[in-house]
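Reader: I'd like to go through this one label by label. Can you back each label up with its cut-off?

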Amino acid sequence: MREILGRRLQRLRDRLQSLRSAAQSLGSRAADARTPTTRIPTTHAPATRTPAKRTPVTRTPTLLDAALTCATAWQWPVLPGVGRSVADSARCACPDPDCVVPGAHPFDPGLLAASTDARMVAWWWARRPSAPVLLATGGSAPCAVSLPAIAAARAVVRLDAQGMRLGPIVATPTRWSLLVAPYSLERLGELLYSKDHVPSSLRFHGEGGYLLLPPSAASGGGQVHWEREPVAGPGGLWLPEVEDVVHALVEASSGAPGGGSRLAY
């Protein structure tokens, strides 16, 4: 009887020990479930970006820009040239089929309409944005002396060597124009009368005249540009007197082939 009771008691002890072990195992699992899992974030090195090089945008001045600069900044009266024919770009838009300066002269409006009023200038070029820019010379505006490009380049070298201060120079593929201070026709006549010979290739743009300005298209092809740009000083744009440059220009033109008279316009 004692043996039977002993065996039953041992089985109860074994079963109790088994239950304790199972309880401990469940407790460990529950603790693991309550403990948050620590995740180590994966860090990625930021991509190295090479800053893009920005190319500065340079806007090419338009004919309207040039006209407004002349009219407002320099107080030069300007007006639009007649331009080229729409049907034939080689011909002038004026009624003359044999026009010798196609596109590069006033027509409508006429020369007397030249203005320094910004609103007027803007209105003209809004209607005709490709119109050449014409300066009405004389009066209070600059005048000019022009001659063939080869002779002009030689004259400019001579004047520079003499230390003479020159003003703006307008250049086309065939001619250069040196801007000078305003002069009267009487003053010009007296000056030229003192010369033994004045080549026909030497031309004067004074009162009642006009001059084609950059960046207009030249009448003979190519582009008008500043060989020397206008530079504003404390007293405004400086211009030499016509007497100071005519002598050297006459000599340079006379030394050209054919006395300067046969050179193309």
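This is a predicted model: local features need pLDDT of at least 70, side-chain atom pairs count only at pLDDT 80 or more; totals for chains, interfaces and linings use all residues.

Author: Numbering starts from 1 along each chain as its sequence is written, and side-chain values use heavy atoms, leaving out hydrogens and water.

Reader: What makes β2 and β7 a pair?

Author: Strands are DSSP runs of E, at least two residues long, and helices are runs of H or I of at least four, both numbered from the N terminus. Two strands pair if DSSP finds at least two bridges between them. Four bridges join β2 (residues 133-136) to β7, so the pair qualifies, running antiparallel. Within it, Ala-136 stands opposite Tyr-210 in β7.

Reader: Why are β1 and β7 at the edges?

Author: The open sheet has the order β1-β2-β7. β1 (78-80) and β7 (210-213) each have a single partner strand, so one side of each lacks a neighbour in the sheet.

Reader: Which strands does helix α2 lie across?

Author: Helix α2 (residues 63-73) lies across β1, β2 and β7. Contact here means heavy atoms within 4.5 Å. Helix α3 (residues 118-127) lies across β1 and β2.

Reader: Why is Val-231 called exposed?

Author: Exposed means over 50% relative accessible area, buried under 20%, partly exposed in between (1.4 Å probe, protein chains only). Val-231 has 64%, so it counts as exposed. This residue sits in the loop between β8 (225-228) and β9 (232-233).

Conventions:
Axes are lines fitted to C-alpha atoms, for helices over the stretch in contact, and angles run from 0 to 180 degrees between N-to-C directions.
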